[in-house]
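Here is a report on a single protein chain. Please look over the sequence and the model before reading on.

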Amino acid sequence: QAPAHTGHRRCGGSCPTTAAMAAVAVRAAPPSMSGLPGPPLPSPAAGDSCRRSLVLDSGTRTWRCGSSGGVAPSIELAAPGFTQARQPAWEALEAFYAGALAAAACAAVGGSTASGLRGADVQSESLADWPTLLTDPWPLAPRSERERLAQLLFEGVGLPALQVVPQATLALFATGRLSGLVLDCGHRASRAVAIEEGVALPGAALRSPIGGLRLTEYLRRGCPVEGSEHSAVDAVLLDWDVAERAKERLCTVAPPTAGLPGLPPGTAAAAGASEGAGALELPDGRSLSLGPERARCPEALFSPPAFLGGEGSSLQALVARALLGAPSASRPGLCMSGVVLAGGTSRFEGLPSRLGAEVQIALSKQTPKLKIGLAVPEERQLLTWRGGSILASLGGFQELWVTKADYQEHGPSILSARCC
């Protein structure tokens with residue numbers, strides 16, 4: 001099971017900086033209940049040099065970087081070590097940060113895309129004039145990690161100013177909300193965070209180590225399920241890239257059904273669903289189709305112990321526990337705002353409808369009166385970056401940067417004090 005946390009990492013549930021961000025965001029983005037990225041992106045004011053900034057969403061599978069005010073990042077890179085069990089050393093990350101930010105700055109100046117950049121132009125691009133907003137995957141990560149990041153970016157990369165904002169908060173801002181519950185299904189983990197007026201609520205942020213990486217590994221093993229027939233693994237699935245593409249293009253989430261004896265609801269459909277699976281065209285001209293693996297693979301998100309074994313909470317359990325971990329007075333407002341679905345691993349066909357049904361089942365067992373809706377934005381893999389793009393380009397946000405002078409005066413701890 002994912003551990004529950006009992007306090008906000010830095011602010012004990014109250015953060016002036018995040019509250020200021022929320023105030024800035026709500027003035028520019030009226031709340032929208034559609035679940036789509038509705039807020040208009042503001043145009044920078046003439047002569048305001050602080051408006052020229054970068055936004056870097058450093059996911060565990062993909063890094064997305066671009067200039068603030070844009071609708072999409074100009075640079076997308078495979079995250080360093082995204083197929084490995086551990087992240088690379090800090091020394092290796094410095095070069096990666098510098099390269100990604102320089103490429104995005106170069107693209108912003110020249111109006112280019114990543115494919116149109118020249119290596120010489122990127123290497124000559126100075127980052128001294130580019131304040132940067134970074135996304136933080138987990139609002140309860142150790143303070144030491146953020147302080148080490150400040151040292152790396154101010155001293156090693158040479159940024160003039162920095163701000164770090166939790167990914168869940170930015171995903172919420174991108175949909176025009178200040179309050180709600182964000183379920184972010186990422187590459188290495190899935191996270192549920194309840195947010196009220198822009199601040200993550202104590203005890204209502206949970207994490208499960210089940211994400212896209214585990215699903216790809218599961219597909220490469222042929223998606224075995226204890227108690228059901230295990231088909232032979234197609235040798236081509238042993239190739240990581242092929243398995244990743246097959247997962248993204250062929251797999252689908254089964255609807256909730258009566259389960260097999262001894263297995264959770266949905267398992268029966270997931271164990272045998274193969275009709276209409278389609279095929280994946282491979283570079284060598286062959287085609288790959290999936291049988292039962294097509295539905296078994298994403299079913300692990302809803303029943304981790306039955307499919308993957310070991311630790312890990314289901315998506316519906318994360319949402320229910322995050323909602324019930326919030327103060328009782330906050331729950332009606334969270335239910336009204338709904339669950340915002342984010343992250344690339346949330347894009348399986350059939351996942352939103354299945355998740356909505358499973359969440360209501362999970363809640364009905366404990367608090368039958370609570371009903372919560374689901375907001376399903378398009379391009380959910382970009383939601384966090386777009387929230388950062390909106391926020392960093394607003395005039396009211398400019399006073400919230402942590403500058404290099406602040407860092408030199410107060411040391412790395414300034415990032416923990418001024419970023420939430």
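## Overall picture

In the protein chain, residues 24 or more positions apart account for 71% of the contacts with a separation of 6 or more. Contact means heavy atoms within 4.5 Å. Of the 420 residues, 54% count as buried. Buried means under 20% relative accessible area, exposed over 50%, and partly exposed in between (1.4 Å probe, protein chains only). The chain has 16 helices and 13 strands. Helices (H or I, at least four residues) and strands (E, at least two) are DSSP runs, numbered from the N terminus.

This is a predicted model: local features need pLDDT of at least 70, side-chain atom pairs count only at pLDDT 80 or more, and totals for chains, interfaces and linings use all residues. Residues are numbered from 1 along each chain as its sequence is written, and side-chain values use heavy atoms, with hydrogens and water left out.

## The six-stranded sheet

Six strands form an open, mixed sheet in the order E3-E2-E1-E4-E5-E13. Its edge strands are E3 (75-78) and E13 (402-403), and each pairs on one side only. Two strands pair if DSSP finds at least two bridges between them. Strand E5 (residues 161-166) and E13 run antiparallel, joined by two bridges. Ala161 stands opposite Thr403 in E13.

Two helices pack on this sheet. Helix H4 (residues 143-157) touches strand E4 (132-136), E5 and E13, and its direction makes about 150° with that of E5. H5 touches strand E1 (54-58), E4 and E5, at about 80° to the direction of E5. Axes are lines fitted to C-alpha atoms, for helices over the stretch in contact, and angles run from 0 to 180 degrees between N-to-C directions.

## H5 against H14

The axes of H5 and helix H14 (residues 383-392) come within 7 Å and cross at roughly 75°. The two helices are therefore roughly perpendicular to each other. Angles under 35 degrees count as roughly parallel, over 145 as roughly antiparallel, 65 to 115 as roughly perpendicular and the rest as oblique. From H5, the contact uses Gln167, Leu170, Ala171, Phe173 and Ala174. From H14 come Leu383, Thr384, Arg386, Gly387, Gly388, Ile390 and Leu391.

The contact residues divide into seven nonpolar, four polar and one charged. Here Ala, Val, Leu, Ile, Met, Phe, Trp, Tyr, Cys and Pro count as nonpolar, Asp, Glu, Lys and Arg as charged, and the others, Gly among them, as polar. H14 is mostly covered: 10 of its 10 residues are buried. Among them are Trp385, Arg386 and Ser389.

Thr175 sits in the loop between helix H5 (167-174) and strand E6 (180-185). Is Thr175 buried or exposed? It counts as buried because its relative accessibility is 0%. The Thr175 side chain reaches the backbone oxygen of Leu172 at 2.9 Å.

## H6 against H7

The axes of helix H6 (residues 212-220) and helix H7 (residues 240-250) come within 9 Å and cross at roughly 110°. That makes H6 roughly perpendicular to H7. H6 contributes Gly212, Leu213, Leu215, Thr216, Glu217, Leu219 and Arg220 to the contact. H7 contributes Trp240, Ala243, Glu244, Ala246 and Lys247. The contact residues divide into six nonpolar, two polar and four charged.

The buried residues of H6 are Gly212, Leu213, Leu215, Thr216, Tyr218 and Leu219. Their cover includes H7, helix H9 (293-299) and helix H10 (304-307). Just after H6, Gly222 takes a positive phi of about 90°.

## Glu244

Glu244 lies in helix H7. Glu244 is buried, with a relative accessible area of 3%. Glu244 touches Arg61 and Thr216, not counting residues up to four places away in sequence. Glu244 and Glu217 are 27 residues apart in sequence and 8.9 Å apart in space, C-alpha to C-alpha.

## Helix H11

Helix H11 (residues 315-325) is mostly covered, with eight of its 11 residues buried. These include Leu315, Gln316, Val319 and Leu324. Among the elements that cover the buried residues of H11 are E6, strand E7 (190-196), strand E8 (199-208) and helix H13 (351-364).

Notes:
A polar contact is a pair of N or O atoms within 3.5 Å; within protein, one must be able to donate a hydrogen and the other to accept it, and residues adjacent in sequence count only if both atoms are side-chain atoms.
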